[in-house]
Amino acid sequence: MDLPVIAPEAPQAGGCSAGSCGSSADQMGGMSDEIRARVQDHPCYSEDAHHYFARMHVAVAPACNIQCHYCNRKYDCANESRPGVVSELLTPDQAVKKTLAVAATIPQMTVLGIAGPGDPLANPERTFETFRQLAAKAPDIKLCVSTNGLSLPDNVEELAKHNIDHVTITINCVDPDVGAKIYPWIFWQNKRIHGREAAEILIAQQQKGLEMLVAKGILVKVNSVLIPGVNDEHLKEVSKIVKAKGAFLHNVMPLIAENLQDACEGDMNMMRHCRQCRADAVGLLGEDRGDEFTMDKIEAMDIDYEAAMTVRAELRAKVTAELEAKRQKAHAPPAPQVVQFMPRPHKSAQESAPAGRRVLMAVAAKGGLVAVHFGHAKEFLVYEASADGAKFVGHRKAEQYCAGDETCGDGESVLDRTIKALEGCEVVLCSKIGFEPWGNLEAAGIAPNGEHAMEPIEEAVMAVWNEMLAAGKLDAKPSAAKCA
Amino acid sequence: MALEIIESCVNCWACAPLCPNKAIYEAAPHFLIDADKCTECVGDFADAQCVAICPIEGAILDELGTEMNPPGSLTGIPPERWAAAQAEIMAR
Ligand code: SF4
Ligand code: SF4
C-alpha cells in the first residue's frame, strides 16, 4: 500500500498518535460493528459521511469551572478546538432558532454540538434548555456535547433523557502529578482547589463520568490536548485507559497556531476537517456558511420546520442508500489506525515505480506561498515531493530563534531544536535565511533554499524536486536523513 | 459590604451564575457587581463565590481596594518572576 501516512510515533496506542485529525475512514478501524453502525453516518467521524452531512455548533454556555494553563479565556477554549477565535454567545432560545434555521436551509445538517467556550455542564441550565427545546422541535437532529468532565457525573442522568448522540470529554491526563502541571485550579463544591488535589478530583470525576456514560449506552469520545513536554508521553497511558473503559475514539489535538490554519486555507481539506468542534461553523466541510445565519438574519426568517423535516428525511434516505452502495462496493477490511491526510489512488506493487524517490521538504509558508523568513517561521508545512507531485503530509512546530534582530540572545540552542524538528526533511524552503542557520542546516543534511520566495508552495516544491532529479540526487536513499 | 469587579475582568461569565444574590450583571466594558445586593456571600458560602471562580488575578476588589485574588495566587507564578519575564519580553 502506498499511503501518504504521517505517524510521528508507532501508533501502538491506538490512535494516540493520530495527530490533530478528528476523522478519517481509518478511524473506524478496531470499532465494534455496533459502534461502527452508529457513527458511520456521522459527519464528525465518517470520512464518507462528512461529504454528505454537516454539523454545527452553538455557543450557549460561556462559564467554565476549571482553569487550563493553555487557556486565557479571552478566546475560545480547546474544548472547542479553535484557538484564538471568539464565538458569538447565544441564549438557548437564540441557539434553538439558529439551529432550526440552519437545519431548514441546509437539510444535510444532522448534528448539533454544544461545546466551548466554557463548559456546557458548568452551565447545565443553558445547555439542557437548548437540548430540551431541540429534542421537542427537531427530533431528527442528533445532539452532542463536549465537556471537561468535572460536573459530568452529576449530569449523566439528565444527558440520558435527551437525544444525546455522543459526549466528548477532554481528558489530558490520568495522573494527578501530570494534571497538576496542566490545571492550576478547579472550582469544586463552592471552593477553589489548587494543584495536585484539584487534578485528583478532576481526573476522578472524568473517569467516573466516562464509566457512567458507557454504562448508559451513550457514545463517548475522548479529546486530549497534546502539550509538548507535559503530557505527550503520558497520552499513551490515557489512550489505553479510556479505550479500556469504553470510549469509542481517542482524538489527540495539538494546539495548532492560527497562522498555520490560515496558511492551509484553501488547499487543505483535511486540516479543516480536523477542526471538528468549531463553534459557529456551519455547513459541509470547507463550506462555512456562518455569515448567512447571523442572529438578525435568523430573526427575519420564517421557518416551517415540519415541511423542512420531510425534505430532510428524503435527503437522508437518499444519502444513506448511496453510502450503503459505496460501502458494499468497497467492503474493505478495517485499515490500521493511521492518519491519512490525503486520499490518493493506490498503486499495485507490480507497477513500475516512477523515477526519483520521494523527498520530504519543509516550507516556511504563509497564504499558500513560500513567504516566511526561516528565522521567523513558527511552523513548517511538510510536503512530500515525488513524480506524483507535491503532497502535504503534516506540519512541524518551530521555535522562533529570532524574534527581532539577528543577534538576539540564546538563539543558538533554539536553532538547534528547530533543526531537530525538521528531521527527515531534506530541503527547507523559505523566503530568506540567515548565514548561520544556513551553515547549521547544511551540516544537518538539510538543504536550505531561498530561491523560490513568494512562489506557490507546490510549484516551488516540485521545482526543487525536479532540480534534484536532474542533478541525479534522487537515485539512492538519503544517508543522513531518514524518510518518514 | 460589597465586592467590586474592575477593568481587568475578561468577561468570561464564570462568576455571574454563582452569585447567591444575583448581584453580578453583564455590562460594558465588563461585568459589574451591584453593591446593594452583594453580601460577600456571608451566610451562604464560606468563600465569596465570584472570587473563588474568577480566573483573573486582581479583577475583584473588596471595599478597601484589596485584590481578592492577589498576584501569583492563581497562576502560581510569583509576582517578581512575572515582572522579570514581562520586562524581558518588552526588551526584545
Ligand atoms: S461576593 Fe458573593 S454576593 Fe457578592 S457578588 Fe460575589 S458571589 Fe455575589
Ligand atoms: S469571573 Fe472574573 S473575569 Fe470572569 S466575568 Fe467574573 S469578574 Fe470577570
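Analyst: A bit of bookkeeping before we go in. Residues are numbered from 1 along each chain as its sequence is written, with chains lettered from A and ligands numbered from 1 in the order in which they are written. The model is predicted, so local features need pLDDT of at least 70 and side-chain atom pairs count only at pLDDT 80 or more, while totals for chains, interfaces and linings use all residues; side-chain values use heavy atoms, leaving out hydrogens and water.

Now for E10(A). Strands are DSSP runs of E with at least two residues, helices are runs of H or I with at least four, and both are numbered from the N terminus. Buried here means under 20% relative accessible area, with exposed over 50% and partly exposed in between, using a 1.4 Å probe and protein chains only. In a regular strand, side chains alternate between the two faces of the sheet. Both faces are covered here: Val359(A), Met361(A) and Val363(A) are buried on one side, and Leu360(A) and Ala362(A) on the other.

As for partners, strands pair if DSSP finds at least two bridges between them. The one you asked about is E13(A) (residues 379–386), which runs antiparallel to E10(A) with 5 bridges between them. E15(A) (residues 427–429) also pairs with E10(A), this time in the parallel sense over 3 bridges.

E6(A) (residues 185–188) is joined to E7(A) by 4 bridges, with Ile186(A) opposite Ile193(A).

Two loop residues deserve a look. Asn172(A), between strand E5 (164–170) and helix H5 (176–182) of chain A, counts as buried because its relative accessibility is 0%. Its side chain reaches the backbone nitrogen of Val225(A) at 2.8 Å. Beyond its neighbours within four places in sequence, its contacts (heavy atoms within 4.5 Å) include Tyr70(A), Asn231(A) and His234(A).

Leu89(A) sits in the loop between strand E2 (66–67) and helix H2 (92–105) of chain A, and at 31% relative accessibility it counts as partly exposed. Its C-alpha atom is 5.7 Å from that of Val60(A), 29 residues apart along the chain. Leaving out residues up to four places away, it touches Val60(A), Arg126(A) and Trp13(B), among others.

Trp13(B) turns up again around ligand 2, in a shell that also includes Cys9(B), Cys12(B), Cys15(B) and Cys54(B); a residue is near a molecule if one of its heavy atoms lies within 4 Å of it.

Back to cysteines in chain A: Cys68(A) counts as buried at 14% relative accessibility, as does Cys425(A) at 1%. Overall, chain A comes to 14 helices and 16 strands, and buried residues make up 54% of its 484 residues.

Note on methods
A polar contact is a pair of N or O atoms within 3.5 Å; within protein, one must be able to donate a hydrogen and the other to accept it, and residues adjacent in sequence count only if both atoms are side-chain atoms.
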